[in-house]
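Welcome to this short tour. Please take a look at the sequence and the structure, and then read on.

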Amino acid sequence: MKVHSKQLFYSILFLLIAARIQADEFLYKQMSISEGFPPYIQHIYTEENGFVWISSKQGLGKFNGYELKSYFHDNTNPYSLPGNEIYQIEEDSLHTLWILTNNGTVHYQPDTDRFIPVLDENGKALKATALCKLPGKILLTGQVWGTERNVY
């Protein structure tokens, strides 16, 4: 009987330790609007490097697991978001993050924390409404002068 009790004790101890190790892999943090969290979330996207991007009609947030950094359109900053309504966020095969907004498309430059505008062949902001990843390229689509247009 002693041998079985000892084995049972060690089995339960092992299970408790294993459960504790697995529980450490999850992060739960409740956030509120007062912390800068958008009131109506439209999309959540996780980059391969772990940042979580949260979009709404009021702007964009980047969550690093501990704090949320908010991004908004700023008329005085050409490297801010071109618009606050976010249509889509996607990362390409080169780990470039593409953000489609109501006033233009940008890609995020993490080393400078800037949004670089994507321009069409006339030098105007490319206003894409959807993005699809294809092998070796991306497909952006939107409306130009009332006609559907696809851009690679």
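This is a predicted model: local features need pLDDT of at least 70, side-chain atom pairs count only at pLDDT 80 or more; totals for chains, interfaces and linings use all residues.

## Two salt bridges

The count of salt bridges comes to two. In one of them, the side chains of Lys69 and Asp113 meet, with 2.3 Å from N to O. This pair links distant parts of the chain, 44 residues apart: Lys69 sits in strand E4 (residues 68-71), while Asp113 sits in the loop between strand E7 (104-109) and strand E8 (114-117). Asp113 is partly exposed too, at a relative accessible area of 25%.

The side chains of Lys133 and Glu90 also form a salt bridge, at 3.5 Å from N to O. Lys133 belongs to strand E9 (residues 128-134) and Glu90 to strand E5, so this pair ties together parts that are 43 residues apart in sequence. Lys133 is partly exposed, at 44%, whereas Glu90 is buried, at 18%.

## Gln88 in strand E5

Strand E5 (residues 86-91) also holds Gln88. Gln88 counts as buried because its relative accessibility is 19%, and the cut-off for buried is under 20%. Its side chain reaches the backbone nitrogen of Leu131 at 2.9 Å. Beyond its neighbours within four places in sequence, Gln88 is in contact with Trp98, Ile99, Leu100, Ala130 and Leu131.

## A hairpin

Strands E1 (residues 41-46) and E2 (residues 52-56) pair in the antiparallel sense over five bridges. Ile41 has Ser56 of E2 as its bridge partner. Five residues lie between the strands of this hairpin, and Gly50 takes a positive phi near 105°.

Conventions: Residues are numbered from 1 along each chain as its sequence is written. Side-chain values use heavy atoms; hydrogens and water are left out. Two strands pair if DSSP finds at least two bridges between them. Helices (H or I, at least four residues) and strands (E, at least two) are DSSP runs, numbered from the N terminus. Buried means under 20% relative accessible area, exposed over 50%, partly exposed in between (1.4 Å probe, protein chains only). A polar contact is a pair of N or O atoms within 3.5 Å; within protein, one must be able to donate a hydrogen and the other to accept it, and residues adjacent in sequence count only if both atoms are side-chain atoms. Contact means heavy atoms within 4.5 Å. A salt bridge is a side-chain nitrogen of Lys or Arg within 4 Å of a carboxyl oxygen of Asp or Glu.
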